[in-house]
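Subject: Structure handover

Hi,

Here is the structure I promised to pass on. My notes on it follow below.

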Amino acid sequence: MLNKVKTYIDTHKLLRPDGRYIVGLSGGADSVALILILKELGYCVEAAHCNFHLRGKESQRDEDFCIKLCEKNNIKLHLIHFYTAEYAELNKVSIEMAARTQRYDYFETLRQEIDADAICIAHHRDDSVETVLLNLVRGTGLRGLMGIRPRNQHILRPLLTCSKSEIEDYLFAKEQPFVTDSSNLVADVKRNKLRLEVVPTLKEINPSFDETIVRMSENIGEAQKIINASLENAFHRIVTVENGEVDALLLRLQEGIPSKDLPNLRINIAALKDYVSPEYFLFYLLSPYGFTSPQIRNIALSSSSESGKEYITDTYTLLFDRKMMLLSRREKTVSAPLQLFQIGKFVYSDQCMIEIIEEVVDNNFTIPTTPNEIVVDKAKVHFPLVLRRTATADRFRPFGMKGSKLVSDYLTNIKVDAISKRKQLVLVDGNNEIMWLVSRRSSETYRITRNTTTALRIRFLSSHTTLV
């Protein structure tokens, strides 16, 4: 058993001999075997036990067992208590999802606090087989048929090579007791129903059914590597990443796990259509952004849509804009218009502010060349000024041009995308005339002339040099 696990660890390069690892310890057979095997193999391990207060006396029994096990084997134990039912009700999620979220959030926090290399979880071969079957029932792509992977960022699964029966045989041979969660013996949830009813039936048809599924998953995993190479090769032709961190994003996309902190993207529709499978590329790209399979299928079918068509998730929005699809984070709130009654520095949002400074126009006076700063003739300005989002009928007199122009037309002419148009700010004079299309162009009305004696220097300060 030890050799089998050590070979699996070495094959997948999961653990380092000099590393420090947290083991999620529930007290059940799988986690007990995992921590004892890793300790026997000479790895530095510490245990982490979560008491979710879901099973009355059983929850306390499990905690007491883990304490005694760690004391006997000289393993440091980290304990935490969660009131999971209350958390689930407050966050409107299932008990299972609440427990999972609390457990993995705690493990990651603990990993950072104690500077551990990774977290070891006791998933085994049977768990991976059940996961494949669950994904088939729910509907899945190739990634779902790969089962549980040995590594997912800082989560490691060294026991995936072992069956449940092998784990229990190992513990029986060592005369090592473990606790049993009584809820796992009732076929009242999907995974338990598969474990207790479906898998035994399939094994009657094929006694080596679980080994067959594992081999299939491994083969699909190898095929997925080829597919990923094709997707990555096409990525640079199809997608532009807002912050330029392409390599980091590609790693996240390979995991396929929904996330709330992914960068904004621009998707070239013509290049997408040239790819061998536009729909699969979109599935690879958009799944981590929280888009569902039906949404992605509709997006693929809508690739010739007119500008303005939009798809949304809880966190992101995808907008068709001429030759592009624009994928960006949804705004939680939009700052209210800000009135400026005098010179000074004013906060518009937690990411930007505006500053107004009075200056004498003399030989030392300079005209700014950066897009986030303008100068205007103070005598032509009427307070209070207003900083706000652009509105549909807004017009202004672009600097250096004759006559006025709709702001929307001006932005279209300079090829500003639809997302940026929505976020565009304008600075409006007290007489309701636009002084500045912020970070883009000032108004001809307020230009500095040879007769100007006093100017206002206006700066828009944000985390970006230009408004996006």
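Arg191 and Glu130 form a salt bridge, with 3.4 Å between the closest N and O atoms. Arg191 sits in helix 8 (residues 190–205) and Glu130 in helix 6 (residues 125–138), so the contact ties together parts that are 61 residues apart in sequence. Glu130 has a relative accessible area of 3%, so it is buried. Arg191 comes out at 27%, so it counts as partly exposed. Keep in mind that this is a predicted model.

Other salt bridges

The search of the whole structure gives 29 salt bridges. Here are some further ones.

- Asp62 pairs with Arg61, and the closest N and O atoms are 2.7 Å apart. Asp62 is at 5% relative accessibility, under the 20% limit, so it is buried. Arg61 is at 33% and therefore partly exposed.
- Glu222 and Lys225 meet at 3.0 Å, N to O. Both belong to helix 9 (residues 209–238). They are three residues apart there, about one turn of the helix. Glu222 is partly exposed, with a relative accessible area of 46%. Why does Lys225 count as exposed? Its relative accessibility is 52%, and the cut-off for exposed is over 50%.
- Glu355, Glu359, Glu373, Arg457 and Arg459 are linked in a salt-bridge network.

Nonpolar cores

The largest nonpolar core holds 36 residues. Leu15, Leu25, Ile35, Leu38, Cys120 and Leu159 have the most contacts inside it. Which elements give two or more residues to this core? On the helix side they are helix 1 (2–11), helix 2 (29–40), helix 3 (57–72) and helix 7 (164–174). The strands are strand 1 (20–24), strand 2 (44–51) and strand 4 (118–120). Helix 2 supplies the largest share, eight residues.

Leaving aside residues up to four places away in sequence, Leu159 touches Val5, Asp30, Leu34, Ile37, Ala122, His123, His124, Arg125 and Ile167.

There is also a second, separate core. That one has 33 residues, including Leu250, Tyr275, Leu282 and Tyr311.

The C-terminal annotation

UniProt, in an unreviewed entry, annotates residues 385–458 as "domain: Lysidine-tRNA(Ile) synthetase C-terminal". How far apart are the end C-alpha atoms of residues 385–458? They lie 12 Å apart. The span is 18% helix and 32% strand.

An open sheet

Five strands form an open sheet, in the order 12-16-19-20-21. The pairing is antiparallel. Strands of a sheet pair through backbone hydrogen bonds. Strand 12 (338–340) and strand 21 (441–442) are the edge strands, and each pairs on one side only. Strand 12 is joined to strand 16 (residues 385–389) by three bridges. Across that pair, Leu338 of the one stands opposite Leu387 in strand 16.

One is the Arg191 and Glu130 salt bridge. Another is Leu159 with its contacts, among them Val5 and Ile167.

Best wishes

Technical notes
Residues numbered from 1 in each chain as written. Predicted model: local features only at pLDDT ≥ 70, side-chain atom pairs only at ≥ 80, totals over all residues. Heavy atoms only, no water. Core = buried A, V, L, I, M, F, W, Y, C linked by side-chain atoms within 4.5 Å. Buried < 20%, exposed > 50% of the residue type's maximum accessible area, 1.4 Å probe, protein only. Helix = DSSP H or I, 4+ residues; strand = E, 2+ residues; numbered from the N terminus. Contact = heavy atoms within 4.5 Å. UniProt positions renumbered as here; feature names shortened; annotations may be inferred. Salt bridge = Lys/Arg side-chain N within 4 Å of Asp/Glu carboxyl O. Pairing = 2+ DSSP bridges.
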